[in-house]
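Hi everyone, thanks for coming. Have the sequence and the structure open while I talk, and let's walk through a few parts together.

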Amino acid sequence: MAESDLAQLTERFDYLTERASSDHLALNCPADQLIELCTALRDEFGYDMLVDVTAVDWDVHSPRFTGIYHFLSTTKHEYLRIASDCPDDINPTLPSLAGLFPAANWHERETYDLMGIQYEGHPDLRRILMWDSYPYHPLRKEFPLAGIETPLPADDVAEATGASVLPAPMMGGPFTSSGDGPMSQTEPRAKDESWNEQQEKPTK
Amino acid sequence: MATTKEISIGDVGSRAGEFETELQGDTMALNVGPSHPTTHGVLRLMMELDGDVVKKCEPVLGYLHRGDEKIAESMTYNQFVPYTDRLDYLAPLANNVAYAMAVEKLANLEVPERCQAIRVLCCELARISSHLLGVGVYGMDAGAWTVFMFTFTEREKLYTLFEELTGARFTTSYTRIGGVARDIPDGWLGRVLEFCKGVLPVLDQVDKLLTRNRIFMDRTVGIGAISKEDAIAYGMTGPNLRACGVDLDLRKDKPYLGYEKYDFDVPIGVNGDCYDRYLMRAEEIRQSVRIIRQCIDQLPEGSYYAEDAKKIFAPQKAKVLTSMEELIQNFMIVTEGPQVPAGEVYFEAENPKGALGFFVVSKGGGVPYRLKIRGPSFCNLSILDKLIPGHYLTDITVILGSLDFVMGECDR
């Protein structure tokens, strides 16, 4: 089933290339053709359910961000993965599928929230998991696992408690040990480090 | 001290008439949650009410966001197993299995038949446990307290079985990449069968209490109906999707773990309303019992982990302590993680709440480069802003109960 789909799809849309995949059929599609392809997938090829939207940050490679879409056909019971590179590394954008698949609405909000990809044409592109005023996109590779100190969203609470969001002491593994001295003193302790090895902890 | 205030009502009708324009112009903003018994966790709904009718509903998520996907990028595949417990924390065993399956698919590893059967047992017991709670609290949401007491008692028995199998009642962390943590304890299968025998009469009780209960039916039939097309378009999965009449069960349609060997039926709803969603779960418990009985009946002998996968599954402790080669193997797996080739996979398993998907990108080695978790509750809830408007405020409780979501996997 998947093979015939592949032949039909690549014949009709000559910009599609096959993508390396360890399981389902996977295709690369340029960002500006995505809407056309997904409309055809839904209406003509029976891939009627958009099960997942996400993105991968390739760090130093360019193109840096790749949007990943997983489709499931409720009739053929086949999965299909569509990957689309964001043309711009600094301000990654992709066309929004929210008009075609209502399911894309929240998925794209999540990807925008965590990965910082702008979905053009999205009806309501706001953060969904982090709070609205949060300044970072935590799933990007440069974002440290331990987090970055950020003012609490509620000013009154922050003022009353004098607290910010404290970073977790987890960078580079959760424990640290000084290595010299008697064993009782070199017992591994939770690291009190909020930044990774390459980056200094910024002063407030 | 309580103060009382006397309000003169007078002729309500004519007074309302006087203020008619004023009254009609008013809508009320109502906030439910994030800490509210109706929302089963930390879902928050911002609603606009016109009298008793909801005009607009905006779900707010993220109160339980822990950044699981970020955490996964910095630990080995096995270390992430405990985090999967905390996705759908009402069915941790099923999450463990789904996650392990995704990584094994990337490693192109087939686990032995006995291991597969044990995992099927885990999944189905988790399904029963999750649905028992789902039906119970749903009944409670609709005002039927007794059902909850019945189902919760049964679920408690299940947790005792989980404890025997995994060592923990709640956060089981039972699977490893390439197998399960330990084999089935002696006599456990008999106790599972005993449980299966006991749970069916309880289901009949629940059936008597709810299925033809006038109050329950009045509150659920025709409420929160979702059309087939909407359910697919919003990416709903699991019992919620099947209640709408869509025949999609990954256990049947994309069989994994040898589900094709078992004889079971997939209940399909008609109207997609709250009542159908209850019927789905009640029937799925019965079907799970069927699967479990067949599974125990034909449980194959053999190993509970993939013995050939020396770079993936850590060797037995006795061997680690006596043999040099196994010691090195164990050391490598513990420090560097199970060695998995580079590639991309997406695997979905039919979990109690719907299709739990894992998208794993690996560049080789023991740590995922990117791990995306597709929580079924996240997708099931995304229909709320379309589904809820037009319903009465009191229906919200029933609709949320019928969707049976868990915020742990929604916010991840």
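**Two helices in chain B**

Let's start with helix H6 (residues 113-141) of chain B and helix H18 (residues 393-403) of chain B: their axes come within 9 Å and cross at roughly 175°. Quick background: this is a predicted model, where local features need pLDDT of at least 70, side-chain atom pairs count only at pLDDT 80 or more, and totals for chains, interfaces and linings use all residues. Residues are numbered from 1 along each chain as its sequence is written, and chains are lettered from A and ligands numbered from 1 in the order in which they are written.

Helices (H or I, at least four residues) and strands (E, at least two) are DSSP runs, numbered from the N terminus. Axes are lines fitted to C-alpha atoms, for helices over the stretch in contact, and angles run from 0 to 180 degrees between N-to-C directions.

So how do H6(B) and H18(B) run relative to each other, roughly parallel or roughly antiparallel? They are roughly antiparallel, a label for angles over 145 degrees, with under 35 counting as roughly parallel, 65 to 115 as roughly perpendicular and the rest as oblique. On the H6(B) side, the contact is made by B:Val137, B:Tyr138 and B:Asp141; H18(B) brings B:Thr397, B:Val398, B:Gly401 and B:Ser402. Contact here is two residues with C-beta atoms, placed from the backbone, within 7 Å.

**Where the chains meet**

Between the chains, the contact takes 33 residues from chain B and 28 residues from chain A. On the chain B side, S6(B) gives the largest share, 5 residues.

**The sheet in chain A**

Over in chain A, 5 strands form an open, mixed sheet in the order S1-S2-S5-S4-S3. Strands pair if DSSP finds at least two bridges between them. At the edges sit strand S1 (17-18) and strand S3 (49-57) of chain A, each pairing on one side only. Helix H3 (residues 104-115) of chain A packs on the sheet, touching S3 and S4 of chain A, and its direction makes about 10° with that of S3(A). Inside the sheet, 7 bridges join strand S4 (residues 65-72) of chain A to strand S5 (residues 79-85) of chain A, and these two run antiparallel.

**A word on confidence**

Chain A has a mean pLDDT (the predictor's confidence in each residue, from 0 to 100) of 80, and 78% of its residues reach 70 or more. Residues 167-172 of chain A are below 50, though this stretch has 24 contacts in the model beyond near neighbours in sequence.
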